[in-house]
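Dear colleague,

I am handing over the structure that follows, together with an account of what was found in it. Please read the notes below beside the sequence and the model.

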Amino acid sequence: MRKMSAAAARRTALAAQGFGRRRPAAAGRRAVLDVLSRTRLLQLDSVSAVVRAHYAPIFSRIGAYDRTLLDEAAWTDGARRPRRLVEYWAHEAALLPVEDWPLLRWRMVEYEFGRWAGMRRAMERNPTLGKDILAVLTEFGACTAGEVERHLELDRPRAKGSWWNLSDTKLACEALFAAGALSVPKRVGFARHYDLTERVIPPEVFARTVSEAEALRELVRRAAAAHGIATEADLADYYRLRRAQIKPAVAELVDAGELIEVAVVGWERTAYLWSEAATPRAITGAALLCPFDPLIFYRPRTERVFDFHYRIEIYTPEPKRVHGYYVFPFLLDGALVGRVDLRAERSTGRLLVPGAFAEPGRGTARTAHALNGALREMADWLELDEVVIGERGDLAPLL
């Protein structure tokens with residue numbers, strides 16, 4: 001079996017995700033879509049402490065860009081330019097290339113009655129609600145769940161803004177979205193507008209049928225290319241697949257020479273090297289990584305590849321937090337050298353840095369200098385005037 005050092009595996013993983021490349025002279029639409037061609041998906045998340053999660057990975061790779069370019073690729077009416085991205089459950093809620101949508105039809109069958117029991121119970125309580133929602137959208141076009149309710153003249157007995165006390169109409173819309181009957185043509189203020197999927201997905205894509213075995217093979221192929229080098233668990237997690245589910249696909253790709261079995265020094269499990277992966281001699285540059293960046297969203301892989309133990313602390317009570325509420329790992333020349341708690345205070349035009357922490361041996365003036373530059377670049381991108389450094393962490397005084 002071919003052997004590879006841990007450092008070479010790390011460089012391979014970074015290169016596959018688009019790090020270490022020269023930034024484009026103009027961070028335009030082509031550069032944005034090039035990032036998507038490498039990551040294959042962008043996770044969506046409602047937290048906006050700094051910037052929505054799907055915007056940040058592109059900034060981390062190409063620098064400041066116009067976020068409307070991503071909006072137009074994902075939530076366009078199709079009149080001015082073709083839709084390039086679509087929402088669905090990939091690695092959690094995610095944007096993915098529209099041509100990949102058919103590869104998840106098998107998941108839509110699994111989610112025929114919703115992703116979780118609350119959705120199923122909502123449909124059971126209201127046997128005709130699904131048909132009623134489809135009828136409203138057929139007649140009125142894209143609507144939020146609230147607008148659907150108003151069209152149906154339903155009451156909304158729930159606490160406003162509470163995910164765990166959603167109206168049955170919202171739950172039914174989400175169930176229909178999970179089942180593939182509805183899609184999301186646009187968002188306004190991050191609120192989903194639902195419409196019939198055949199109106200959202202291009203006809204040639206909507207009509208495409210793929211067997212489950214072929215779809216799983218293609219998803220593993222995409223995960224392998226996005227990782228560069230990966231264990232079986234890594235490959236499964238990228239699209240939230242089950243390891244037993246992907247074993248045949250992994251074996252087929254190994255037999256075809258598209259995956260190469262590799263023993264990485266220090267990794268307990270066999271790794272699979274994507275046959276087209278590059279292993280640069282060095283990775284240079286600095287980047288702040290949001291907690292949902294595809295490079296690090298699978299925490300066991302982050303620890304194995306970067307020797308970086310990382311847990312998001314949003315749901316940890318404040319007195320028990322170690323590093324902060326919304327912490328960005330800091331990537332410098334191919335290593336995760338620190339972590340930075342960040343908050344965008346838009347009302348005052350300030351990027352707040354309540355805490356900044358160095359990894360062991362990385363609390364140097366060079367780390368602080370590079371981090372200062374990365375923070376200033378992020379503030380400029382978010383149109384914030386001032387970077388305010390707090391007192392927590394060993395990097396804070398150096399900053």
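**The enclosed spaces**

The lining of the largest cavity divides into five nonpolar, one polar and two charged residues. In this scheme Ala, Val, Leu, Ile, Met, Phe, Trp, Tyr, Cys and Pro count as nonpolar, Asp, Glu, Lys and Arg as charged, and the others, Gly among them, as polar. The residues concerned are Arg-23, Phe-59, Ser-60, Ala-286, Ala-287, Leu-288, Ala-374 and Glu-377. Two or more of the lining residues come from each of helix H3 (56-62), strand E10 (286-288) and helix H16 (365-381). E10 gives the most, with three residues. The space in the largest cavity is about 40 Å³.

Please note that this is a predicted model, in which local features need pLDDT of at least 70 and side-chain atom pairs count only at pLDDT 80 or more, whereas totals for chains, interfaces and linings use all residues. Residues are numbered from 1 along each chain as its sequence is written, and side-chain values use heavy atoms, with hydrogens and water left out.

Cavities and pockets are found on a 1 Å grid over the protein atoms alone: a cavity is a set of points where a 1.4 Å probe fits but cannot get out, a pocket is an open set with protein on both sides within 12 Å along at least five of seven lines, and lining residues have an atom within 4 Å of a point. Grid points are joined across faces, edges and corners, and a volume is the space filled by probe spheres set on the points. By this rule there are two cavities of 30 Å³ or more.

The second largest cavity holds about 30 Å³ of space. Ala-13, Gln-17, Ala-226, His-227, Pro-294, Leu-295 and Arg-301 line the second largest cavity, and by class they are four nonpolar, two polar and one charged.

Helices (H or I, at least four residues) and strands (E, at least two) are DSSP runs, numbered from the N terminus.

In H1, the residues Ala-8, Ala-9, Thr-12, Ala-13, Leu-14, Ala-15 and Ala-16 are buried. Buried means under 20% relative accessible area, exposed over 50%, and partly exposed in between (1.4 Å probe, protein chains only). After H1 comes Gly-18, with a positive phi near 95°.

Helix H12 (residues 212-227) contains Glu-218. Is Glu-218 buried or exposed? Glu-218 counts as buried because its relative accessible area is 19%.

**The sheet and the domains**

Three strands form an open antiparallel sheet in the order E2-E4-E3. Strand E2 (42-43) and strand E3 (85-90) are the edge strands, each pairing on one side only. Two strands pair if DSSP finds at least two bridges between them; E2 and strand E4 (residues 92-97) pair over two bridges. Gln-43 stands opposite Ala-94 in E4.

The chain is divided into domain 1 (2-83 + 207-274), domain 2 (103-201) and domain 3 (311-398), with bounds from an automatic or database domain assignment. The centres of domain 2 and domain 3, taken over C-alpha atoms, are 38 Å apart.

With kind regards
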